[in-house]
Each structure stands twice: as C-alpha cells, then as structure tokens.
Amino acid sequence: MVPTVNLRGILAVLLLLAASVAHGQEERYEQKFSRDLQYRGGNVTIDHRMGSLHLRVHEGSTVSVRATIRSSDEDLGRQIRIHATEGAGGVAIRTEIPEVKMRNGRLSYSVDMHVTLPANAPLQAKNRFGSMDARGLRTASTLENKQGPLSFRDGRGSHVLENSFGPISASNHTGNLAVRNSNGPIDVNTIQGSVDVTNRFGPVSVTDVEQGASINNANGPIDVMDIGGSLKLVNAFGPVEVSTIRGSADITNANGRLEVDNVSGSATVKNSFADTDVNGVRGALILAANNSPVTVHDIGGNASISSSFAPIRVNAIHGSATIKGSNGDITANGIGSALTVDNRFGGVRADHVRGNVNIDNANGAVHLTNMSKDVRVRTSFASAFVDNVGGNVTIENANGAISVRGLPPGPCKAVSLRTSYSSIKLALPASASYAVTARTSFGRINTAFPITTTSASEENLTGTIGRGGCKLDLNNANGNITIERE
C-alpha cells in the first residue's frame with residue numbers, strides 16, 4: 001500500500017524554510033555582482049543556490065552575469081562568492097555559500113542571479129532553494145531545480161526540465177521536451193514537438209502538443225488535451241481526463257476515474273477501482289478494467305471490453321463487439337457487426353445488433369431486441385427474452401423461462417429452445433412453416449397453430465406447421481411449452 005503523503009504540507013514547510021533562509025525581511029547587507037565572459041564554444045554550466053535564477057539569450061558571444069547578494073548578517077554576506085570562469089571548454093558559473101549557523105532563527109540571505117548567454121550555447125543549469133525562469137533558449141539544455149518553481153517558455157530545440165518540491169511550467173516551445181518532477185505539479189502547453197513527462201505526487205496537465213506525448217505519473221491527477229500524435233499514459237492513484245488525440249492512445253490508470261474522448265486512431269485502455277468512460281474512438285478499442293464501471297460510446301472499429309464486479313454499458317460500436325464481465329450487468333446497443341458476450345452473475349441486455357449474436361451468461365437474465373441475424377444464448381437461473389430476430393435462434397437455459405417472438409415472415413429461420421423448471425413461449429408469424437419436435441416432462445404442450453402430427457401426446461409432439469421445412473425444436477423439463485400466433 002502506498003503511504004498517504006500530505007504534499008501541500010511538505011511544500012509549505014520547505015518554502016517556509018527557504019523563505020526564512022533566503023528571503024528574510026531583515027537583510028542589511030547588499031552587494032552587486034557583474035561580469036561578462038567570452039563564449040568560445042563548449043557548454044555554459046551554472047551551479048546556483050539560495051535564490052532566483054533568470055536565464056535569457058542574445059545574439060552576441062558573451063555570457064553576462066548579473067547578481068545581487070543580500071544577507072541579514074554582513075560577515076556572512078561578504079563570504080558569499082560567485083565564481084565565473086571562461087575557457088575553450090565553455091563558461092562555468094558557481095555560487096559558493098559558506099557553512100551557515102542560525103542565530104535565533106533570524107539569519108537570512110539570498111543570491112538573485114540573471115544570466116544572458118549566446119543563443120547557440122548549450123546550457124546546463126542547476127539551482128537549489130529558489131526559482132528558475134528560462135526564456136528563449138534555442139540550443140539543447142538541461143535545467144534542474146530543487147525546492148522552487150521552474151518556468152520555461154519561448155524555447156527552441158530539445159530540452160530537459162527537472163525539479164523536485166516545486167512546480168514546472170513550460171509553454172510556447174518549438175522542439176521536444178523532457179519534463180521530470182517529483183512532489184510538484186507540471187503544466188505543459190503549446191509545444192510544437194513531442195513531450196515526455198514523468199512525475200510523482202503531483203498533478204500533470206499537458207495541452208496543445210503538435211506531435212506525440214508520453215506521460216508517467218503516480219499519486220496525482222492527469223489532464224491531457226489536443227495531442228497531435230499518439231499518446232502513451234500511465235498513472236496511479238489519481239483521475240485521468242484525455243481528449244482530442246489525433247493518433248493512437250495507450251492509457252493505463254488505477255484507483256482513479258478515467259475519461260477518454262475523441263481519439264482519431266485506435267485506443268488501448270486499462271483501469272481499476274474507478275469509473276472508466278470512453279467516447280469517440282475512430283479506430284479499434286481494447287479496454288480492460290477491474291472493479292470498474294465501464295461506459296463506451298461511438299467506436300469506429302471493433303471493440304474488446306472486459307470488466308469485473310461492475311456494470312458495462314456499450315453504445316454505438318460500428319464494428320464488432322466482444323464483451324466479458326462478471327458480477328455486473330452488461331448493456332449493448334447499436335452494434336454494427338457481431339456481438340459476443342461472456343458474463344457471470346449479471347444480466348445481459350442488447351438492442352439493434354446487425355451481426356450474429358453469441359451470449360454466454362450465468363445467473364442473470366438475457367434480453368435481446370432487434371437482432372438482425374442469428375442469435376445463440378446460453379444462460380441459467382434466469383429468464384431469456386428475445387424479440388425481433390432476423391436469423392436463426394438457439395437458446396439453452398436452465399432453471400429459467402424462455403420467450404421468443406418477432407421472427408421474420410417469409411423464409412423461416414431455425415429455432416431451438418431448451419430449458420428446465422420453467423416455461424417456453426414461442427410466437428410465430430401467421431405464415432410460419434416448421435417441422436416441429438416438442439418434448440416436455442411434468443408439463444403441457446399448447447399450440448395456437450394447427451399441426452399435422454406424426455406422433456402426439458400431452459408431453460410430446462412431432463409434426464409440421466404449414467408446409468414444414470425449417471427445424472423447430474422445443475425441449476423442456478418440468479415446465480409448459482406454448483406456441484402462440486403473432
């Protein structure tokens with residue numbers, strides 16, 4: 001079991017600590033630092049702490065460092081150093097702070113730094129206990145922050161953003177982004193490229209990405225919208241909302257509500273212990289849930305859906321549908337091709353299915369209406385009702401009633417109905433023609449049609465209705481058989 005963590009409490013304590021150390025209200029010492037270094041190639045490396053770090057670019061060939069050192073203690077302030085060196089391998093900038101001894105909890109100090117670097121210079125920047133703000137970076141960079149917010153925007157190229165115990169925001173970027181955080185929110189939007197996001201203990205929001213997105217989170221909600229390519233998403237212990245994916249989607253969640261809407265390609269969806277809603281997938285759908293109520297609507301291709309200990313509701317599947325459940329009801333409406341259902345301890349209802357229907361159920365009633373082709377049902381300990389069928393009908397039941405009506409006029413369709421300890425009722429069109437075999441025990445056979453018999457008794461009947469032809473096989477035990485006229 002994952003322990004419960006008060007993220008807001010942790011952040012509040014850390015930010016309070018940083019404020020007491022870096023942003024006190026009693027600063028008496030202040031010193032300015034200014035230096036320009038010549039960039040001749042290599043990397044620009046920054047190792048900063050205890051203050052804000054602002055990063056900008058220009059078209060020149062110098063690295064400009066501007067900083068303000070503040071402290072409530074003059075001796076401490078004079079010991080804070082900023083080292084800035086240049087060479088053929090690049091430019092290195094480092095903040096050096098001596099060992100600090102608190103004095104009645106009132107000691108404060110900070111170093112706020114602004115660095116402007118050439119647009120073509122690769123950057124590796126670190127900051128601890130402070131914010132980091134980067135604008136307009138055009139060459140590959142790695143930005144790492146701790147205990148403070150990290151903001152990135154208006155960049156180009158491939159960049160890596162890392163943080164802990166603070167938020168990350170990235171926007172208006174042309175290129176690929178890798179974003180890594182722990183214990184803080186992530187907000188990424190308006191990216192003309194792809195994004196790769198990883199987080200723990202915090203919410204994630206990703207919107208308006210031109211290419212694909214990969215998102216991995218734990219213990220936080222995820223909100224994803226408008227991805228130009230494919231989406232790969234994994235989450236746990238938080239709700240997930242996904243909408244407008246122009247490629248395929250592969251989504252795994254647990255212990256949180258999952259909503260998926262408007263996927264242009266195919267979708268693979270997994271969830272457990274919370275509601276799962278999928279709407280508007282143009283391709284095929286594979287959905288596997290556990291202890292999760294499932295609602296599926298408007299799937300352009302075939303659908304394979306499973307869940308347990310919860311209901312499944314399926315509507316408007318343009319291809320075939322295969323549904324597997326247990327300990328929950330299943331409802332399927334508007335299936336464009338074949339429907340296959342395997343269920344345990346729950347009812348099954350289906351309406352308007354254009355292909356063949358194959359139902360295996362146990363301990364639950366089956367209700368089928370407006371089936372265009374053949375129907376086969378196997379169930380037990382509950383009733384099976386079928387109305388308006390265009391093809392052959394085969395029903396095997398035990399300890400439950402069977403009722404079939406709405407068979408098409410014209411060329412007859414074969415009917416085979418079997419049950420026990422209940423009744424069989426069959427309604428036939430007035431023009432029906434069948435070769436009849438009806439058997440029961442401890443019950444009666446009643447018919448509204450004249451039957452030309454070859455053998456007949458109260459419990460057994462063999463003969464023809466009309467011209468005969470199609471097979472009509474009715475078999476019961478401990479119950480009546482009734483043939484009615486539509």
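**Note on a predicted model**

1. Ser 171 is found in strand S13, which covers residues 168-174. The model is predicted, and what follows should be read with that in mind. Is Ser 171 buried or exposed? Its relative accessibility is 17%, so Ser 171 counts as buried, the cut-off for that class being under 20%.

2. What does Ser 171 touch, once residues up to four places away in sequence are set aside? Its contacts include Phe 152, Arg 153 and Asp 154. Asn 189, Thr 190 and Ile 191 are also touched by Ser 171.

3. The largest nonpolar core holds 120 residues. Within this core, Leu 143 and Leu 339 touch the most other members. Strand S7 (residues 109-118) supplies the largest share of the core, namely five residues. As general background, nonpolar side chains in soluble globular proteins tend to be buried together.

4. Leu 143 deserves a separate look. Neighbours within four places in sequence are left aside here. Among its contacts are the leucines Leu 55, Leu 123, Leu 137, Leu 150 and Leu 161. Leu 143 is also in contact with Ala 125, Met 132, Ala 134, Phe 152 and Val 160. Glu 162 is on the list of contacts too.

5. Next come the charged pairs. The structure holds 25 salt bridges. One of them joins Asp 250 to Lys 232, with the closest N and O atoms 3.3 Å apart. This pair links distant parts of the chain: Asp 250 is in strand S22 (residues 249-252), Lys 232 is in strand S20 (residues 231-234), and the two are 18 residues apart. Asp 250 counts as partly exposed because its relative accessibility is 28%. Lys 232 is partly exposed as well, with a relative accessible area of 40%.

6. Asp 342 and Arg 344 meet through their side chains in another salt bridge, at 2.9 Å from N to O. Asp 342 has 28% relative accessibility and so counts as partly exposed. Arg 344, at 36%, also counts as partly exposed.

7. A salt bridge also forms between Asp 360 and Arg 378, where the closest N and O atoms are 3.9 Å apart. Why does this pair tie together separate parts of the chain? Asp 360 lies in strand S34 (residues 357-360) and Arg 378 in strand S36 (residues 375-378), so the parts joined are 18 residues apart in sequence. Asp 360, at 23% relative accessibility, counts as partly exposed. Arg 378 counts as partly exposed at 41%. Elsewhere, salt bridges that share partners join Glu 30, Lys 32, Arg 70 and Asp 112 into one network.

8. The last topic is strand S26, residues 285-290. Which residues make up its covered face? They are Leu 285, Leu 287 and Ala 289. The uncovered face has Ile 286, Ala 288 and Asn 290. In general, side chains in a regular strand alternate between the two faces of the sheet.

9. Strand S26 has pairing partners. Strand S24 (residues 267-272) runs parallel to S26, and six bridges join the two. Asn 271 stands opposite Ala 289 in S26. Strand S28 (residues 303-306) is also parallel to S26 and is joined to it by four bridges. Here Leu 285 stands opposite Ala 303 in S28. Both Ala 289 and Leu 285 belong to the covered face of S26.

Conventions
Residues numbered from 1 in each chain as written. Predicted model: local features only at pLDDT ≥ 70, side-chain atom pairs only at ≥ 80, totals over all residues. Heavy atoms only, no water. Core = buried A, V, L, I, M, F, W, Y, C linked by side-chain atoms within 4.5 Å. Buried < 20%, exposed > 50% of the residue type's maximum accessible area, 1.4 Å probe, protein only. Contact = heavy atoms within 4.5 Å. Salt bridge = Lys/Arg side-chain N within 4 Å of Asp/Glu carboxyl O. Pairing = 2+ DSSP bridges.
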